[in-house]
Structures are given as C-alpha cells and as structure tokens.
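Here is a protein model to explore together. Take a moment to turn it around on your screen, and then we'll walk through its strands, its core and its rings.

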Amino acid sequence: MKKLLAIAIAASTPMMAQADLLFTVEAGANFWNVEADGDAGDAELGKDGLDLESQTSNVLFVSFEHPVPVIPNIKIQKTDLDLSGDGTASYEFLNITYMGDTSSQFDLSHTDLTLYWGVPLPIPFFDINFGLTARQFDGIVSVTDKTTSNTEEQDLDFVLPMGYLNVDFDSHIGIYGRAELNAIAYDGNSMTDTTFAVGYTLPLPIPMVDVNIEAGHRMISLKTDEDSTDIDINADVSGMFAGLNVSIGL
C-alpha cells in the first residue's frame, strides 16, 4: 500500500532526501477464530480425545519499513493461542493412560520477530518480501485427570527459527490481497504457518495514512518427533480471522 507511494516519491526525490522521508510504520490487530485438529501423543485434539473447544484468539502486530537496501525491515507479531477442553475418552498422553473425565490445555501462544527485505524487482501490482522469523513460544500442553487430580504437562518454551515469505497484491482501486508463509523442517519436526487475506483501504482524506480492513484464513501445522522434543504432536490449528490495520508513511 504505502510502498507504491514511496516508489513514486523516490522517482523524483534525491537519494539523500529519501533516507529522511521514506519509511512506513504499520500496526494492526485481528480476531482469529481457531479450531484444533490432529493429536498429541495418543490423545486426539477433537471430540474423541481432549475435546479442545474453538476459541477467538487475539493477534497484534507492528512493522517498520525503510528504503535502505542492506538493513532489514522489522515486524513484531504476538499471537495468543490458548485452547482448552474437557474430554471423556480413553487415551495415553505423556506415558499416562487416562480412562475417565479429563480437562486439558493446548497453549501455542508465541511472539514473532521477523527481519525481512523486499525483492528489488519492478513487478506491477505485486510486492514481495523474504526474510527470517524467530518465533518465541511461551505455552504448555497439559492434561488433568478429574478423578485423581493428577496433571501431566509439557512446557512449550523455546525459540524456533523459520523462513519468511510475503506477497502483497495491490489492485490500485482500494482492494488488495496478501499471502504470508513462515516455515521450517528439521529432524522429523516441521511447522508451517500460512495466511491468506483480502482487504480494502478505506477512502479517507488523510495524507500519508492508510486505514485497512481485512479478512482471511490462517493455519498453523505442527509436527514433532518425540525422540527430539519429548512429545509427539501432529496437529493443525486454523480458522478465519478479521482485523484492522493502520499504516503511516513519512
């Protein structure tokens, strides 16, 4: 959105002035309606196991872009992703067999720090960025036996490096599209985080400011190897989201 304005200014502004003028700050929030599918250990995440309920999660982000080619742009995003449920089926989790009623928590909340660069190619209507994401997890997977009050849990507190790719499409009539991917695979473990969105830039008479509304779908797919992570997870968390973001270019 703002990059098209930056390109237009760059075409008629001396390079020394660009360093002072051409940057964009963007911040936004969305509400993500999440459902979980798959399994953790021998426990299904759906109705035949942990019975995790769908939940509306909050996603907040802020990004800063500038025209210096070597220095990366920065994006910070926080995702609250804490699912819970009450199950009744028989299953094994963390080497404990559960036969009765249980309560469970599947918390994949995380904060992303992404450093990225724009592809310096004049592709009409498209803006392509690539980089690296450090994803800090601060969550837990746990099950409590309601009969014995025994709780087994596994902390999810680690940093995961991921590759980052973003493609934006701008129609020049206010409507835009966005596709975003964070991904990594190693030693039988993998995670992909994909987002697809469409949005509309409101026609507000405010120079250098864009207010955008958007909606889309996000899915996180997680697969772990018990030999390297102490827990075997093969799960998807996904759902539709809607949000608002504001960008300011100077």
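## A look at the strands, the core and the rings

Let's start with an open sheet of 4 strands, paired antiparallel in the order β5-β8-β11-β12. Its edge strands, β5 (82–87) and β12 (151–156), each pair on one side only. On average, neighbouring strands in this sheet are turned by 10° against each other, if you ignore direction. Keep in mind that this is a predicted model.

β5 pairs with strand β8 (residues 102–107) over 6 bridges, and Asp86 has Ser103 in β8 as its bridge partner.

Next, follow β15, which has antiparallel links to β14 (residues 175–186) through 12 bridges and to β16 through 12 bridges.

| Strands | Bridges |
|---|---|
| β5 and β8 | 6 bridges |
| β14 and β15 | 12 bridges |
| β15 and β16 | 12 bridges |

Between β14 and β15 the hairpin has 2 residues, and Asp187 takes a positive phi near 45° there. Further along, Glu180 stands opposite Thr195 in β15, while Gly199 stands opposite Glu214 in β16.

On to the inside. The largest nonpolar core has 28 residues, and Leu45, Phe106, Leu108, Ile233 and Val237 have the most contacts within it. Several strands supply at least two residues each to this core, among them β1 (24–40), β15 (189–201) and β17 (233–249). What does Ile233 touch, leaving out residues up to four places away in sequence? Its contacts are Asp39, Ala40, Phe106, Val141, Leu222, Lys223 and Thr224.

Finally, the rings. Searching the whole structure turns up 6 aromatic pairs. One of them, Phe23 with Phe64, is tilted, at 5.6 Å centre to centre and 40° between the planes. This pair links distant parts of the chain, 41 residues apart: Phe23 lies in the loop between α2 (15–21) and β1, and Phe64 in strand β3 (residues 55–65).

Elsewhere, Phe125, Phe126 and Phe169 form one aromatic cluster. And have a look at Lys75: its charged end sits over the ring of Phe61, 5.1 Å from the ring's centre.

Definitions and conventions: Residues numbered from 1 in each chain as written. Predicted model: local features only at pLDDT ≥ 70, side-chain atom pairs only at ≥ 80, totals over all residues. Heavy atoms only, no water. Core = buried A, V, L, I, M, F, W, Y, C linked by side-chain atoms within 4.5 Å. Buried < 20%, exposed > 50% of the residue type's maximum accessible area, 1.4 Å probe, protein only. Contact = heavy atoms within 4.5 Å. Phe/Tyr/Trp six-rings, centres within 6.5 Å; stacked < 30°, edge-to-face > 60°. Lys NZ or Arg CZ within 6 Å of the ring centre and 35° of its normal. Pairing = 2+ DSSP bridges. Axes fitted to C-alpha atoms, helices over the stretch in contact; angles between N-to-C directions.
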